[in-house]
Amino acid sequence: MSLFAALLLYNQSNHTQLDSIQKTGILRVATRNTPTTYYQDNNGEPTGFEYELLKAFADYLGVELELIIPDTFGDIFTLVKNRSAHIAAAGLTITEERKQSFRFSPAYAYSTPTLIYRVTQGKPEPKTIADLENKSIKVIANSSHAELLRSLKKTYSYLKWQETTTSSVTELLEDVYEQEIDYTVSDDLIFDAQKSYFPGLKKSLVLSTPNPVAWLLIKQSDQSLQRATERFFERPATQDLLVKLKKKYLTRQTRLGYVDIETFRGDLETRFCNLEQYFMMAEQETDIDWRLLASIAYQESHWNPNAVSPTGVKGIMMLTQAAAKEVGVKDRTDPVKSIMGGAHYLKKVMGKIPDRIQGKERIWFALASYNIGYGHLEDARVLTARAGRDPDKWSDVKEFLPLLTQKEYFQTVRHGYARGYEPVLYVKNIRNYYDLLDWELRKARIEAAKPPLSPAENEGEIVMPGQPQDNGADAVQEMIDTIPSTL
């Protein structure tokens, strides 16, 4: 019996967690549905910083990736503790409290918890912890930020805050932006990736030193999976991938101002809903990304079908009479015909761009040509080549387009003078509107994917010790306020 037990223990000890994962062929990971972690793109395909990194790790192990999306942030840790997930990956920082129960992969980023506030006339920027007294602060429950505030409260007893179980960092930033709360805490890495979509929000107090960001694993004697993550992150291919992913997901920004973004969001609610299906139809006919077409239309007309310029162009896509005739559009103010006509015209323009120019470069050149005309674009490319720069790169050509306003340059090319600065601004604005539209659609998809909340969960807040609570009358009134007005 003793020998049998010893053999059994020997066999079990040689069957590691990594062996089990590779035997079943599935790596289960708990993550969050957020714009900087994991989400589904416009075609319903999974994407996001954590997703792409995890997919690469699963491929490295030779297994399939299975994502588990818990209802709340705190459930991420429960899923790992009860072994329903092998790894948790959601931009998690390594903290002393978490190290008591979990192990971590090598850090793949560093981030600093920072107080976020909105610049408002008459409200000074918070510069010390004392400035947070009697202010409304909200953070995610079970987050490193909640842990940090509990640590700070030991020194600053007056510190009060609320913890939410249902909101994401993005939603808390929106709460600050809409002035529903005074402050929240965000890792600067995450805030910097989103701040341009919330003009007026700024970083203030740095609340601790930078923290490492890593994947979280269960704490156990079997460290085979942890060692696999170490080997994965040591690879040059993984380090190269991290550089690409940080650039792709954590540095995307729009340069639009507060008024531009607020106007866009208002038009998105009031005008876009009536046009969205037509942009999608145009994509089916032309294979041009409907979000790009919608962004062009917004730059042209702010989605106003009755828009008319002083030069006579009109409609959603602001077609000239010549362009409309070329694509068979008789009524430029008809939204459907204008969108379809604009899409087909852009496709024609795109067809003129040399075949060697592909990908996004081809799109930027086509947009510039759509705005200024193909001849003037070619003149700018000639000037670019003369200067020893690359005429097939938009970043080079856009520097020479404005020279078409100067006699010493436009006299030397075929098509003469042009307002060359306009296509540069035109392409820039469309790229910004595209990013903003993609951001808003991404948030809407994430919100739609959330499971319905129970009445108790809908509250979603934990009042910390010392925080004043609503009395019964306030609670009743709050319930009355939540009844839909249509009932």
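Visitor: Which residue in E11 is the bridge partner of Ile 116?

Guide: In E11, Ile 116 has Thr 184 as its bridge partner. Before going on: this is a predicted model, where local features need pLDDT of at least 70 and side-chain atom pairs count only at pLDDT 80 or more, while totals for chains, interfaces and linings use all residues. Residues are numbered from 1 along each chain as its sequence is written, and side-chain values use heavy atoms, with hydrogens and water left out.

Visitor: How do E8 and E11 pair?

Guide: E8 and E11 (residues 183-187) pair in the antiparallel sense, over four bridges. Two strands pair if DSSP finds at least two bridges between them. Strands (E, at least two residues) and helices (H or I, at least four) are DSSP runs, numbered from the N terminus.

Visitor: Which residue in E12 is the bridge partner of Tyr 117?

Guide: Lys 202 is the partner of Tyr 117 in E12. E8 and E12 (residues 201-206) are joined by four bridges and run antiparallel.

Visitor: How many residues of E8 are buried?

Guide: Six of the six residues in E8 (residues 113-118) are buried. Buried means under 20% relative accessible area, exposed means over 50%, and partly exposed is in between (1.4 Å probe, protein chains only). On one side of E8 the buried residues are Pro 113, Leu 115 and Tyr 117, and on the other they are Thr 114, Ile 116 and Arg 118.

Visitor: And Arg 118, what ring does it lie over?

Guide: Arg 118 lies over the face of Tyr 177, at 5.1 Å from the ring centre. A charge sits over a ring if NZ of Lys or CZ of Arg is within 6 Å of the ring centre and within 35 degrees of the ring normal. There is also Arg 381, whose charged end sits over the ring of Phe 365, 5.9 Å from its centre.

Visitor: Back to Tyr 177. Which residues are buried in H7?

Guide: In H7 the buried residues are Thr 170, Glu 171, Leu 172, Leu 173, Asp 175, Val 176 and Tyr 177. That is seven of the nine residues of H7 (residues 169-177), so the helix is largely enclosed by the rest of the structure.

Visitor: New topic. How many residues has the largest nonpolar core?

Guide: The largest nonpolar core has 68 residues, and those with the most contacts inside it are Phe 279, Ile 296, Trp 303, Leu 346 and Leu 367. Helix H20 (residues 421-449) gives the most to this core, nine residues. Such a core is a set of buried Ala, Val, Leu, Ile, Met, Phe, Trp, Tyr and Cys residues joined through side-chain atoms within 4.5 Å.

Visitor: What does Phe 279 touch?

Guide: Leaving out residues up to four places away in sequence, Phe 279 touches Phe 272, Trp 290, Leu 293, Ala 294, Ala 297, Trp 303, Ile 316 and Ile 339. Contact means heavy atoms within 4.5 Å.

Visitor: Is Leu 149 buried or exposed?

Guide: Leu 149 is buried, with a relative accessible area of 3%. Leu 149 lies in helix H6 (residues 144-153). Beyond its neighbours within four places in sequence, Leu 149 is in contact with Val 139, Leu 159 and Trp 161.

Visitor: How many aromatic pairs are there in the whole structure?

Guide: A search finds 29 aromatic pairs. Rings of Phe, Tyr and Trp (its six-membered ring) pair if their centres lie within 6.5 Å; planes under 30 degrees apart count as stacked, over 60 as edge-to-face, and the rest as tilted. One aromatic cluster is formed by Phe 49, Phe 57, Tyr 60, Tyr 108, Trp 215, Phe 232 and Phe 233.

Visitor: Last one: how many helices and strands in the protein chain?

Guide: The protein chain has 22 helices and 15 strands. Of its 487 residues, 48% are buried.
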